[in-house]
Amino acid sequence: QVQLVESGGGLVQSGGSLRLSCAASGSIFSMNVMGWYRQAAGKEREWVERIRFRDTYYADSVKGRFTISRDNANNTMYLQMNSLKPEHTAVYYCNIWIGAREHWGQGTQVTVSS
């Protein structure tokens, strides 16, 4: 069984920063395909950043602001978010592919005030 737990969300003022963490536990034998997604109120879930093996992909809206990283020794992935704006307010989810299975965390709320 695989479990993903996000943390680090909260309330921050516009222009501030947050670092989200996603701790994976269970049968973690790969950290090669993973990413961050978000879903704002009334909108569909969208991808933010992903890592696939040696390649990293960013949504155009977050390039230069958000940075995805991973710590394989601790089975943890991160999303460093800088220069936050109210439009970034959403529930953020982490995602990891292990073998042919996709795993999701429960999400963490990020709220950016004006």
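Visitor: Which residue stands opposite arginine 101 in S10?

Guide: Isoleucine 98 stands opposite arginine 101. This is a predicted model, in which local features need pLDDT of at least 70 and side-chain atom pairs count only at pLDDT 80 or more, while totals for chains, interfaces and linings use all residues. Residues are numbered from 1 along each chain as its sequence is written, and side-chain values use heavy atoms, with hydrogens and water left out.

Visitor: How do you know that strand S9 and strand S10 pair?

Guide: Strands, which are DSSP runs of E with at least two residues, numbered from the N terminus, are said to pair if DSSP finds at least two bridges between them. S9 (residues 90–98) and S10 (residues 101–104) have four bridges in the antiparallel sense, so they meet that definition.

Visitor: What makes arginine 38 and glutamate 46 a salt bridge?

Guide: The term requires a side-chain nitrogen of Lys or Arg within 4 Å of a carboxyl oxygen of Asp or Glu. Here the closest N and O atoms are 2.9 Å apart, so the pair qualifies as a salt bridge.

Visitor: Why is arginine 38 called buried, and why does glutamate 46 count as partly exposed?

Guide: Buried means under 20% relative accessible area, exposed over 50%, and partly exposed in between, with a 1.4 Å probe and protein chains only. Arginine 38 has 7% relative accessibility and therefore counts as buried, whereas glutamate 46, at 40%, counts as partly exposed.
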